[in-house]
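Thank you all for making the time this morning. I would like to walk through one model, starting with the chain as a whole and then moving to its sheet, its helix and its core.

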There are 2 protein chains.
Amino acid sequence: MNLIKRLALSIALACGIITLMSHSSAQAGDAGVYRHVVLFKFKDSTTPEQVKTVEDAFRALSTKVPTITGYEWGTNVSPENKNDGFTHCFLVTFKDKAGLDVYLPHPAHDEFKSILHPFLEKVLVFDFVAQK
Amino acid sequence: MNLIKRLALSIALACGIITLMSHSSAQAGDAGVYRHVVLFKFKDSTTPEQVKTVEDAFRALSTKVPTITGYEWGTNVSPENKNDGFTHCFLVTFKDKAGLDVYLPHPAHDEFKSILHPFLEKVLVFDFVAQK
């Protein structure tokens, strides 16, 4: 029974260490990543269907560039009215600057821009390396 | 020996399930979170020391409001020159809109704003609920 207990304890301990390691590496993976923040304001003439076409095209783009490690987006819901007319935010994450360097000139990015540009009134792009 | 093997297998399986569950909940925790994106441009007269005072004060603020579930920031490194003069981005995460509702009128937030405002040329705030 002693042997069983010791074996069980060892396995439980090993699993605990593995779990802790996988968590801390997920956190370390966030600090230092390259965040690419993109804001859009569409022309007043843009229909909801055309806006959805752009949203879908950006989501599709995020699956076509292998250096993209994270992708999320949403429309503005701030109650502060300091969004300067921007309605859409896209948060694209790369491991590092080299990831962006693959993305910017990528043919899928050019294709997306040709879908976007007829409807775009203005864009803001801000990139930062995530610090805590 | 059979008993030991079965016990070891059961524990390993349980640990595996726990690890998988903790990972999938971390991912599910990202979709649907409330992202508060804040951009600053400082007045030209602001010194590097004054900028650092604001950076440190925002980091301190992030530890004073219990509804903040994530905090990161960085200065602009985009090569695209579409950042409209903004130099600093702060990405503050809440579980939901209720988290922001605690943050906005919080005394620590007011205190931070009094430190920030003498140096602030302009600010942009964009909030979104994270979708994939």
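Predicted model: local features only at pLDDT ≥ 70, side-chain atom pairs only at ≥ 80, totals over all residues.

What percentage of the 132 residues in chain A do buried residues make up? Buried residues account for 21% of them, where a residue is called buried if 20 or more other C-beta atoms lie within 10 Å of its own, exposed if 12 or fewer do, and partly exposed in between, with the C-beta atoms placed from the backbone.

Residues are numbered from 1 along each chain as its sequence is written, while chains are lettered from A and ligands numbered from 1 in the order in which they are written.

On confidence, the mean pLDDT of chain A is 86, and 78% of its residues reach 70 or more, pLDDT being the predictor's confidence in each residue on a scale from 0 to 100. Over residues 15–29 of chain A the pLDDT is below 50, and beyond near neighbours in sequence this stretch has 7 contacts in the model; two residues are in contact if their C-beta atoms, placed from the backbone, lie within 7 Å. For the complex, the predictor gives an ipTM of 0.80 and a pTM of 0.80.

Let me turn to the fold of chain A. It has 4 helices and 4 strands, running α-β-α-β-β-α-α-β from the N terminus on; helices (H or I, at least four residues) and strands (E, at least two) are DSSP runs, numbered from the N terminus. Among contacts in chain A between residues at least 6 apart in sequence, 81% join residues at least 24 apart.

The 4 strands of chain A form an open sheet in the order β2-β3-β1-β4, with antiparallel pairing, and two strands are said to pair if DSSP finds at least two bridges between them. At the edges stand β2 and β4 of chain A, each with a single partner strand, so one side of each is left without a neighbour in the sheet. From one strand to the next the twist averages 15°, with axes fitted as lines to C-alpha atoms, for helices over the stretch in contact, and angles running from 0 to 180 degrees between N-to-C directions.

Going through the pairs, β2(A) and β3(A) are joined in the antiparallel sense over 7 bridges, and Tyr71(A) stands opposite Val92(A) in β3(A). Strand β1(A) is joined to β3(A), residues 88–94, by 7 bridges, with Thr93(A) as the bridge partner of Arg35(A). To β4(A), residues 120–129, β1(A) is joined by 9 bridges, again antiparallel, and here Val37(A) stands opposite Phe126(A).

Why is β1(A) described as largely enclosed by the rest of the structure? The reason is that 8 of the 9 residues of this strand, residues 34–42, are buried. Helix α2 of chain A, residues 48–64, lies across β1, β2 and β3 of chain A and runs at about 165° to β2(A).

The loop between β2 and β3 of chain A deserves a look at its backbone. Asn81(A), found in that loop, has a positive phi of about 55° although it is not a glycine, and this residue is exposed, with 8 other C-beta atoms within 10 Å. Asp84(A) also has its place in that loop, with a positive phi near 55°, but counts as partly exposed, with 17 C-beta neighbours inside 10 Å.

Finally, the core. The largest nonpolar core has 40 residues, and those with the most contacts inside it are Leu39, Cys89 and Phe126 of chain A together with Leu39, Cys89 and Phe126 of chain B; a nonpolar core is a set of buried Ala, Val, Leu, Ile, Met, Phe, Trp, Tyr and Cys residues joined through C-beta atoms within 7 Å. Leaving aside neighbours within four places in sequence, Leu39(B) is in contact with Phe126(A), and also with Phe86(B), His88(B), Cys89(B), Val123(B) and Leu124(B). In β4(B), Leu124(B) is also the bridge partner of Leu39(B), and strands β1(B) and β4(B) pair in the antiparallel sense over 9 bridges.
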